[in-house]
Amino acid sequence: MSTTTLDTEGFLTLLRDETGLAVGTGDLDTDFDDLADWDSVMLLKLLTAVEQATGRPAPMLEVLEARTLRAVHTAIAR
Amino acid sequence: MSADTTLDAVRKLRDSGRLADHWPELARLLATADPALTARAGALLAGVDHAAAHRAHPGLPLLDVALTGSGTVSPLATRLTGELARQQIIGRVTAGDPGGYALALAEPATADVTLCVLDASAVFDRVPHPVWTADDVAAACDGLLAQLDAAARSYTAGGGALVLTTAPLWPLWTDQILDLRERARLGAVWHRFTAGLLELGTGAVEGLYVIDLDPVAAATGPARDPRLEIYAHIAYSDALLDALARRFAHLVRALHGRPRKSLVLDLDGTLWGGTLAESGGSGLDMAEGFRGESHRRFQRVAAQLGSQGVLLAVCSKNDPAEVDEVLRGHPDLLVRRDDFVTVVADWAPKVDTVGQVAERIGIGTDSLVFVDDSATETGLVRLKRPEIAVIDVDAREPATHADRLLAEGWFDSAAITDEDRARAGRYRTEGRRAEFRAGFSSLTDYLKELDTTLTLFAPGPGDVHRLAQLTQRTNQFNLTTVRMDEAAVRAALADPAVLVSPVRVADRFGEHGVIGTAFLRRTGNRVEIDNLVMSCRVLGRGIESAWLRELLRWAAAHGATEVTADYRPTPRNGRVAALYPDHGFTELPDRGEGFHRYRHDLTTLPPAVEHLTVVSELPAPGPVPPTAATAPTEETR
């Protein structure tokens with residue numbers, strides 16, 4: 001995993017590791033309301049991991065307002 | 001073991017569906033894991049079949065753990081799952097709704113242990129106005145404290161334990177008060193509130209424990225993240241939640257796990273700085289300078305543990321005579337030869353010798369905590385003797401020794417009794433008895449001279465802790481290994497059909513204290529021995545025979561026509577497999593679930609034990625008021 005940026009695959013791997021959710025590329029555009037076992041606390045775990053992986057603060061508010069995993073990824077990869 | 005290796009191993013267990021069967025493996029894998037890694041492993045345990053794990057390992061406690069608090073508590077769930085697994089506990093953790101503590105504590109507990117995490121918002125949410133003064137905060141603190149006091153009492157009435165945290169006050173709050181004297185007053189108000197909470201946990205409310213978060217927060221990275229506070233109502237940072245989860249698991253282990261009894265210390269590089277065989281006693285560091293002060297602090301902490309009943313012992317690769325000389329004569333040493341219950345010194349690898357400590361003082365090796373600065377020694381002990389708890393210290397940074405010694409809270413206990421404090425003395429007395437024994441040509445003469453008295457006494461409320469402890473600590477002389485907490489002991493004492501019969505032993509060298517207890521149940525003409533436990537430190541002098549005889553005599557004298565009893569074999573209690581048959585019981589068909597069943601028809605009692613004096617204060621059976629216990633009868637032979 002790169003320490004500065006995070007591609008989609010790396011993002012999904014991190015997500016699976018941190019949350020235990022079995023998510024794949026097909027889930028990137030699913031609304032969180034429809035994503036099985038999704039819990040917003042998972043996002044916070046993910047954000048902490050992203051901050052550690054990239055070495056810079058993640059835009060927490062923007063991420064929390066996202067509705068899909070792709071939007072989360074876009075926010076933190078920006 | 002690296003973090004990745006650890007997680008891979010846990011993942012492999014999970015993916016192959018072997019988690020439940022291999023639950024104890026988790027403790028080994030996570031033994032050296034920091035809280036962050038333990039939390040990640042905990043996340044992998046979601047979905048495990050706890051009941052199956054318990055079926056596969058009935059010796060491990062299966063506990064329902066509920067989480068609640070004044071903020072969002074769900075981030076603690078995986079942390080607790082991991083930390084409890086690390087302590088050999090099968091924890092079924094459920095997280096309550098964010099901020100739902102008032103509601104959650106309103107009904108009596110259904111979980112075995114509940115953790116209620118408080119934060120400052122619990123107080124400030126009670127302040128009625130958007131702007132406030134220290135007086136407003138004081139009133140809110142008083143209100144919350146009264147509410148928690150009442151809630152804790154009703155919540156724990158059913159027997160479950162409740163663990164509250166204190167709520168540290170951050171600068172975010174103090175700095176809103178501009179008058180510096182007023183700001184100090186807010187601090188004083190807050191500390192009084194914290195003190196009030198802590199007071200509740202000093203025994204004021206049965207079953208309530210309070211974890212002081214202030215010192216934990218002080219020793220942990222940033223303790224809060226304002227983003228998490230506002231966006232997710234998570235009051236504390238990951239680092240603080242990690243530390244809290246670990247501390248909570250230590251507490252649960254103290255309540256439900258197997259206690260550790262002995263601290264086995266390495267010498268060179270651990271208890272003192274330097275190498276005895278190279279520099280001699282005069283070259284050792286334990287007083288001044290960087291090294292000396294570090295080891296001095298470590299020795300003080302070890303002595304402090306020793307003063308509370310931890311059995312201090314030495315396991316050292318050194319010449320035994322040289323070691324003895326330093327332990328007895330070194331002017332700077334704070335823990336001396338007489339403070340140690342035993343000293344093992346030779347040149348064999350520690351993995352082969354550390355067990356001798358347990359053997360010599362008659363405890364199980366799973367009661368040992370071993371400290372050493374050599375990674376080779378600690379690594380081997382971890383690998384070959386996984387039942388021994390191991391603490392690594394780093395001889396290059398002896399200043400960290402004392403913190404490492406305390407980090408895992410191995411000897412934390414729900415309550416330390418006078419019995420515990422006197423324990424080390426008893427084990428040392430055992431050494432003096434051994435010398436006394438050497439002066440006799442026959443064991444019979446020795447036992448006669450020992451002049452042992454066994455007293456079967458009527459227990460009072462002050463004995464509850466010790467009786468629970470006996471059922472929990474005793475592994476070898478424990479007929480059914482039914483572990484009882486204090487509530488269960490109290491219930492047995494209150495049950496008119498149950499006779500709780502503890503025994504005290506004394507001899508010419510002093511008191512052994514309360515060393516065993518039996519639980520008897522009267523049903524018609526039958527007396528059932530529900531369990532019998534005895535500390536191993538008095539084995540070998542016929543106490544169990546005299547005791548059992550007295551119990552049978554009591555049953556017969558009060559109209560019983562038979563006494564029945566169970567023996568449930570465990571890996572540890574093989575030595576009592578023949579106890580009942582040896583005392584005239586005949587075997588009945590097993591009643592399943594691993595229980596062997598025995599019956600005594602009371603026609604012929606086992607013979608009296610010649611060298612023992614038996615004093616019985618057993619009351620007549622049936623519901624008797626506590627004052628109506630019969631006068632002591634003495635049977636001397």
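# Briefing: helix packing and buried loop residues

Thr481(B) sits in the loop of chain B between H22 and helix H23 (486-494); helices (H or I, at least four residues) and strands (E, at least two) are DSSP runs, numbered from the N terminus. This is a predicted model, in which local features need pLDDT of at least 70, side-chain atom pairs count only at pLDDT 80 or more, and totals for chains, interfaces and linings use all residues. Residues are numbered from 1 along each chain as its sequence is written, chains are lettered from A and ligands numbered from 1 in the order in which they are written, and side-chain values use heavy atoms, leaving out hydrogens and water.

**Loop residues with positive phi**

- Most residues other than glycine have a negative phi.
- Thr481(B) has a positive phi, near 50°.
- Thr481(B) counts as buried because its relative accessibility is 14%. Buried means under 20% relative accessible area, exposed over 50%, and partly exposed in between (1.4 Å probe, protein chains only).
- Leu602(B) also has a positive phi, near 65°.
- The loop that holds Leu602(B) runs between strand S17 (595-600) and strand S18 (612-616) of chain B.
- Leu602(B) is buried, at a relative accessible area of 11%.

- In chain A, the axes of helix H1 (residues 8-19) and helix H4 (residues 69-77) come within 11 Å and cross at roughly 110°. H1(A) is therefore roughly perpendicular to H4(A).
- Axes are lines fitted to C-alpha atoms, for helices over the stretch in contact, and angles run from 0 to 180 degrees between N-to-C directions. Angles under 35 degrees count as roughly parallel, over 145 as roughly antiparallel, 65 to 115 as roughly perpendicular and the rest as oblique.
- From H1(A), Thr8(A), Phe11(A) and Leu15(A) meet Leu69(A), Val72(A), His73(A) and Ile76(A) of H4(A). The residues of this contact are 5 nonpolar, 2 polar and no charged.
- Contact means heavy atoms within 4.5 Å. Ala, Val, Leu, Ile, Met, Phe, Trp, Tyr, Cys and Pro count as nonpolar, Asp, Glu, Lys and Arg as charged, and the others, Gly among them, as polar.
- In chain B, the axes of helix H2 (residues 23-30) and helix H5 (residues 75-86) come within 7 Å and cross at roughly 95°. H2(B) and H5(B) are therefore roughly perpendicular.
- Trp23(B), Leu26(B), Ala27(B) and Leu30(B) of H2(B) meet Gly82(B), Ala85(B) and Arg86(B) of H5(B). That contact divides into 5 nonpolar, 1 polar and 1 charged.

**Enclosed helix H3(B)**

- Helix H3 (residues 35-44) of chain B is largely enclosed by the rest of the structure, because 7 of its 10 residues are buried.
- The buried residues of H3(B) include Leu37(B), Thr38(B) and Leu44(B).
- Their cover includes helix H2 (40-54) of chain A, together with helix H1 (3-15), H2, H5 and helix H13 (238-256) of chain B.

**Around H8(B)**

- Helix H8 (residues 134-156) of chain B has 23 residues and reaches 32 Å from its first C-alpha to its last, close to the 33 Å expected at 1.5 Å a residue. The expected span is 1.5 Å times one less than the number of residues.
- Among the buried residues of H8(B) are Val137(B), Cys141(B) and Tyr155(B).
- Ala109(B) touches Tyr155(B) and Gly160(B), not counting residues up to four places away in sequence.
- Ala109(B) lies in the loop between H6 and S3 of chain B, and counts as buried at 17% relative accessibility.
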